[in-house]
Amino acid sequence: MTDGARRRVLAEFLRTRRERVRPADAGIPAGPRRRTPGLRREEVAVLSGVSVTWYTWLEQARDITVSRQVLHSLAGVLRLSPAETRHLFDLAGQVLPRTTGADHDGRVLQRLVDALDPNPAYLLAPNWDLLARNRSETGLIGDPADGHVPERNLLRLVFTHPRIRTLLADWPGQARALLEQYRAGADRHTGDPAFERLTADLYRRSDEFRMWWDTHDVAEFRPARRTFDHPRLGRLTFDYVKLAAVDAPGVTLVSCLPSDDETAAKLPELSGCAEHPATSSPGPDDR
C-alpha cells in the first residue's frame, strides 16, 4: 500500500469510527438539530486534545505526522476495541507496544509448543522474554530458571550466563546476530519500559553487548543454522524457523529442526536431558 492509499484508508476508518460513537456515550447532548451521525469532527478534536484543523486534515488524508500519544487519545474517544486500536496504529505507521504477551491463551500455546516435541520449540515475547518452551528445548538449553538467572529472557542468557560460550559453537557470531535482531525491535519500541530496562541492564553488565550496541547495526530474523556443543549429547545442529502467533499479537513461535541425521537421531534424548537440568548448560536460541 502506498503512503497516499494508506492515508485514505486511515481517513475512512476514522470517519466510520467517529460516526459510530453516540454523542451521549461521549458525554455530549445529542440536541434536536444534530444531522451528523455520531460525533462531529470538532467534537472528536476537542475530546482528543488536538486542533479542529489538524483532525480535519487527518480525515482528509493529508500528509501529516501522528504521534502515539494522539493515537491513544483518539482510540479512547472513538471507543476502539484492541483490534481496532492495533489497526489504527498500523495505518498511522506507528508501533503499538506489545511487550508482555499477556493477551495470549498460555495454555493453548503451551500445548502447541509441546506438540512439536521432540523438536525443540519455544514462544517469545517481543522483548525476548521466554513465554513457553517444550521439554526438548529445556533439554537443549537447560532450564532458564535454574541457577542465578533473575528472569527468563533469552537475550540476558546470551550475554550474562557464564556457560553460554561453551554451549554455542560460535558464541561471538551468534551473540552479535541476536543483538542486531534485538536492536531492530528495540528501536521500533523506543520508550517502551520493558526494552529500556533490558537494554540498560545488558549495557551495564556485558562489554560485548556495550561494544556492539554502540555500532547501531540492525538485522531482521532470517532462517538460520545454529550449532551447539551440548554437554551430554555433543554436537547438535538445528535450522531455526520463526512464525507469528496471529491470535497472540507480538508473540513468536520458534521451532528448531535438525539439520543433519546425527542431530535427528539424538532428538529423543533431549527430553531426558530436561530431567536433569543441572547437567545441561543453560544458553540461548536464535529468534
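**Talking through a predicted model**

Colleague: Why is Leu-257 called partly exposed?

Modeller: Its relative accessible area is 37%. Buried means under 20% and exposed means over 50%, so Leu-257, at 37%, falls in between and is partly exposed. You can find Leu-257 in strand β5, residues 252-258.

Colleague: And where is His-189, and why does His-189 count as buried or exposed?

Modeller: His-189 sits in the loop between α10 (171-188) and α11 (193-205). The relative accessibility of His-189 is 10%; the limit for buried is under 20%, so His-189 counts as buried.

Colleague: What makes His-189 and Gly-185 a polar contact?

Modeller: A polar atom of the His-189 side chain lies 2.9 Å from the backbone oxygen of Gly-185. The cut-off for such a pair is within 3.5 Å, so the 2.9 Å distance meets it.

Colleague: How do you know whether Cys-256 and Cys-273 are buried or exposed?

Modeller: Cys-256 has 0% relative accessibility and Cys-273 has 1%. Buried means under 20%, so both cysteines count as buried. As for disulfides, a search of the whole structure finds zero.

Colleague: Which residues touch the most other members in the largest nonpolar core?

Modeller: That core has 37 residues, and Leu-155, Phe-159, Tyr-182, Phe-238 and Tyr-240 touch the most other members. Helix α10 gives the most to this core, with six residues. There is also a second, separate core of 25 residues, including Phe-13, Leu-39, Leu-78 and Leu-96.

Key
Residues numbered from 1 in each chain as written. Predicted model: local features only at pLDDT ≥ 70, side-chain atom pairs only at ≥ 80, totals over all residues. Heavy atoms only, no water. Helix = DSSP H or I, 4+ residues; strand = E, 2+ residues; numbered from the N terminus. Buried < 20%, exposed > 50% of the residue type's maximum accessible area, 1.4 Å probe, protein only. Polar contact = N/O pair within 3.5 Å; in protein donor to acceptor, adjacent residues only side chain to side chain. Disulfide = S-S within 2.5 Å. Core = buried A, V, L, I, M, F, W, Y, C linked by side-chain atoms within 4.5 Å.
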